[in-house]
Each structure stands twice: as structure tokens, then as C-alpha cells.
Amino acid sequence: MTTHDPRPLTEPLEPRTLLSTAGPTSTGVSVIEVIDHSVSMAGDKLAAAKNSATLFSNLLQPADSIGVVAFDDTATVAYPLTAIGNSNLVYDQVRDAIDAITDSGTTAIGSGLQLAAQQLVPAAGSTRAIVLL
């Protein structure tokens, strides 16, 4: 059963509160964030998507993996699926990859989701998720 966390999103959340109601897994979670950066997302919408992606990635734990796919009329891997590990390096690299995304092109959501699914293939055996922003 999923429970609702009544705290506003500006307050810190426990990492697994958003990811799973079954509790942490020993293999971690593999997540690909898929960010629409088409011109229709220009300005505040893209800024909000990038901020949300960064906040979400910061909730992940050392046993988890994170990757980022960006799409407009084509999809690209902005950051390959990478195990987080016990340093802040991956968090910093993901933030930098997200910050580098700029608006351009039209919207091809299917391409973004297809590339995200391909990125998750090597993560078989772990809990896998795609977060669409």
C-alpha cells in the first residue's frame, strides 16, 4: 500500500519514500531520468524539469544507479547509467549533465522513452524505473 507524504516538496524526504513502498533492496534501484528539452519546454518549464531531476537524483543511495536521457526531436544519453557508489562524484556529474541541457527542437517522447528502456537493459536483476520530466 502506498502512503502519501504530507510534507511539501521543499522539505527533505527520506530517499525510499518516493522510490518504493517495499523497502530498500540489496541490489539497489536503476533509474533513468528522461528530460524533454524541446522548445515547448523553454524557460521556466525546462528549469523546473531540470531542478526536479537534480533533486530526485540526490535522493538516490550508494547502491542505486542513475542515468539521464534528454530528448527533443531526437534522444541522446546525457549521462550513461552509472552506479552511484560511496562518493559524491556521480551526483556531481549527473547535476552537471542536467545543467548542460538546453532547449531545442520538437518533441519526440517515444524516442526518449525507447532510449531510456535500452539504457536499463544491462540493469536486469535490479528494480528499474524511468522518470519522465
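Analyst: A polar contact is a pair of N or O atoms within 3.5 Å; within protein, one atom must be able to donate a hydrogen and the other to accept it, and residues adjacent in sequence count only if both atoms are side-chain atoms. The model is predicted, so local features need pLDDT of at least 70 and side-chain atom pairs pLDDT 80 or more, while totals for chains, interfaces and linings use all residues. Residues are numbered from 1 along each chain as its sequence is written, and side-chain values use heavy atoms, with hydrogens and water left out.

User: What makes the pair of side chains of Ser126 and Ser30 a polar contact?

Analyst: The side chain of Ser126 lies 3.0 Å from that of Ser30, and this falls within the 3.5 Å limit, so the pair counts as a polar contact. Ser126 itself sits in the loop between helix 4 and strand 4, where helices (H or I, at least four residues) and strands (E, at least two) are DSSP runs numbered from the N terminus.

User: Why is Ser126 called buried, and which residues does Ser126 touch beyond those up to four places away in sequence?

Analyst: Its relative accessibility is 15%, and buried means under 20% (exposed is over 50%, partly exposed in between, with a 1.4 Å probe and protein chains only), so Ser126 is buried. Contact means heavy atoms within 4.5 Å, and once residues up to four places away are set aside, Ser126 touches Thr27, Gly28 and Ser30.

User: Is Lys50 buried or exposed, and how do you know?

Analyst: The relative accessibility of Lys50 is 16%, which is under 20%, and therefore Lys50 counts as buried. This lysine belongs to helix 2, residues 44–58, and, leaving aside neighbours within four places, Lys50 is in contact with Ile98, Asp99 and Ile101. Although Lys50 and Ala100 are 50 residues apart in sequence, their C-alpha atoms are 9.6 Å apart in space.

User: Why are Asp73 and Ile109 both called partly exposed?

Analyst: Asp73 has a relative accessibility of 41% and Ile109 has 40%; each value lies between the 20% and 50% limits, so neither residue is buried or exposed in the defined sense. Ile109 lies in helix 4, whereas Asp73 is found in the loop between strand 2 (65–71) and strand 3 (75–83).

User: How many helices and strands does the protein chain have, and in what pattern do they follow one another?

Analyst: The protein chain has four helices and four strands, which follow the pattern α-β-α-β-β-α-α-β along the sequence. Of its 133 residues, 37% are buried.

User: What share of contacts between residues at least 6 apart in sequence joins residues at least 24 apart?

Analyst: The share is 70% of those contacts in the protein chain.
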